[in-house]
Amino acid sequence: MLELKGIFKTFFPNTPNEVRALRGVDLRITPGSWVNIIGTNGSGKSTLLNATAGTFPLDQGEIILDGNRITRWPEHRRAKLIGRVFQDPFSGTAPSMTIAENLALAARRGQARGLGFALRTGWRNDLRDRVAAMGLGLEDKIEKPMDTLSGGQRQSITLLMAGLVRPSLLLLDEHTAALDPKSADKIIELTGKFIAENQLTTIMVTHSMQQAANFGDRIIMMHQGSICHDISGLQKSRVRASDLIAKFDEVRRSDQLDESVADMLRSNYV
Amino acid sequence: MEIVKNSSGDLLEMQLSGSFDNESSVHFRESIEESARAGWHRILVDLGNVDYISSAGLGALVAARKNILTLNGQFGVHNPSAFVAKVLMLTKLHDMLIVAPSDFHEFETQATTTLDVSSQRSARVGSVEMEIFSVPSTEPMKCSIFGDAKALQNSSTSKSTSHGVSFGYDSYGLGLGALASQSASGENQYGELVAVSGTVSQSAPTSSQLPDYSIVRGEFTPTAHFLYGAKMEGHFSSLIRFNHSDPEARITVSELVQCCMQEQGIRTAACVILADCAGLLGAQMKHWNIADSGESAFSVPRIRDWLSYCPEHFHQHKLALIVGVATLDHATMPSALQSFLRPLSGNSQQTGHFHAAVFPYRALKKRTIDLQSFVHDLFEESEIQEVLHLLRDVRPTTGETESELQSGACWIEPIDPSRITEVSA
């Protein structure tokens, strides 16, 4: 269970560059549910994800994950509970280390990672099985350095790393956006399978209306730092990508309703 | 395939050359629709230079014939090439499609049986060209005004009362309210309403949802629950077909209604308009909360929560079904009607109120149209897309913008001020 209560965040306050990125977000995510976050550029969707991960301190509000008040926890401490996959396939892994070494590091997430850890044969076989289960044929490459892999292959390994120690929460930050369409399809399918098998509580930020409509069980649409639509249940199962695009258009239309229009409507509408 | 159009009188000849396959059939269909929209209802197709026709091409010809015939027009093909003639014979479409140009003689305009037109004439007011069809008027039209718009806006009561108003075949109306009664829906799911000839439609809470509607059937008559609104009962004795003298120019709704009133010598009128839209400008209520928050409901950003309006023209080349009331003597109108009406021009005595239901484009046949059967077919065969309160957007910074029409039909009837009743809570 993740609870976000009254989250506020303003970047560069009291300067000309002030950005009121989050303006009072309340969100409650039940265990095992998969929430997709959509919104226009600058709507606050990635900021919300980073606020949850602890990338910066909040101005106001509280974050509770599985009963832990993590609001003041630093990012590395939250990482014990939170798995993340980033947009950039080059983030989140150690490029010069091998796949097996990266996975071994991930397997010890939240534990002390001293110099004493090593890749034992038992582990190695277990990791090989897990990689094989993804069906990408990467099991023969686990001794190769990460930087020899393609973007799609890296994202699949990162995904596996994020779930190796079952996290309380999985954060996916447009993790298919930097991939070619074919790899993106492959990764999102893999993501769906992976989340279902491990029953992970997931927040996915995406620009793809198709992904938002086809995957997950709830859609949050953000606009100007707050939640403007919350689609779940039956409504979510019926929603099509075109409906979501129509909602964006609606938001765009309502943005054009400024003071001068409001004055006109005051004297003309009712 | 290439399409060359030539016209003589009211006959449009389309010369096709090349291969009439599936790809070209799309082009052909568009070309037919465009021509019908431009008012060509007699079309002769020359197939002399068509060296190949597929079933897709044949289908496009049959569909074009059907569309033009439903507009009471005339459609045929002639001069087929050897290959096309053979295909037409084998498919037995020859007799249906081929006409001799000599048989395609001066088309006799057929008055429809449903409307007994007693007089017909042409007129021009400003740049609006009109063809006016009249039937003898019977009973004068009645008008009832429900609720009070101004009282609602300044409402001090937390609960607004609604008026259940039924809409049978001979009634027309517009207002703010709901199809479902307040108690049934629980929450106040109010919106803009449009009622024409036994149909009532209501705007959806957001522009991405579909409007709802109810239609007279058997013993059932739809009821609208008005917060405020107007109902007109009776018959229209005049039908005015209109278009702008410049085919590239557009007619605003206010301009059209004022021209029709001027031509008919009417001071206060009820009207229904069916028109090919050039672009509509209107607002939709998402939900009602003015009663609770009063004036501050119109402040930004609060207004965005309950009212949807965008200062852009929408629905170009759609069919609009518009209902409205207008007067040229605002000061002498009953007060409830006064607060229902908004300025139509800079002259504060000229006021009106119009709502529109929007449908996918459908060509209107020439001359007379039976409003009731047209509207019922529209609801049954087409999909209603939006219901709007049409607004004349006048702001000091941006000037004046309004809904614009291309051409269409306007039914208009005088309202005698003595026949206006106010129904308050």
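Visitor: Which residues does Val84(B) touch, not counting residues up to four places away in sequence?

Guide: Val84(B) touches Leu47(B), Val50(B) and Ile53(B), where contact means heavy atoms within 4.5 Å. This is a predicted model, in which local features need pLDDT of at least 70 and side-chain atom pairs count only at pLDDT 80 or more, while totals for chains, interfaces and linings use all residues; side-chain values use heavy atoms, with hydrogens and water left out. Residues are numbered from 1 along each chain as its sequence is written, and chains are lettered from A and ligands numbered from 1 in the order in which they are written.

Visitor: Why is Val84(B) called buried?

Guide: Its relative accessible area is 0%. Buried means under 20%, exposed over 50% and partly exposed in between (1.4 Å probe, protein chains only), so Val84(B) counts as buried.

Visitor: What makes Phe11(A) and Phe56(A) an edge-to-face pair?

Guide: Rings of Phe, Tyr and Trp (its six-membered ring) pair if their centres lie within 6.5 Å; planes under 30 degrees apart are stacked, over 60 edge-to-face, and the rest tilted. The structure holds 12 such aromatic pairs over all chains. For Phe11(A) and Phe56(A) the centres are 5.2 Å apart and the planes stand at 85°, so the pair is edge-to-face.

Visitor: Why can this pair be said to tie together parts that are 45 residues apart in sequence?

Guide: Phe11(A) belongs to strand β1 (residues 2–11) of chain A, whereas Phe56(A) is in the loop between α1 (45–53) and β4 (60–65) of chain A, so the pair links parts 45 residues apart in sequence. Helices (H or I, at least four residues) and strands (E, at least two) are DSSP runs, numbered from the N terminus.

Visitor: How do you know how Phe298(B) and Trp306(B) are paired?

Guide: Their ring centres are 5.2 Å apart with 85° between the planes, and the pair is edge-to-face. Both residues also belong to one aromatic cluster with Tyr269(A). Phe298(B) has a relative accessible area of 1% and is therefore buried; Trp306(B), at 0%, is buried.

Visitor: What makes Arg37(B) a charge over the ring of Tyr361(B)?

Guide: The rule requires NZ of Lys or CZ of Arg within 6 Å of the ring centre and within 35 degrees of the ring normal. The charged end of Arg37(B) sits over the ring of Tyr361(B), 3.7 Å from its centre. Likewise, Lys231(B) lies over the face of Phe167(B), at 5.5 Å from the ring centre.
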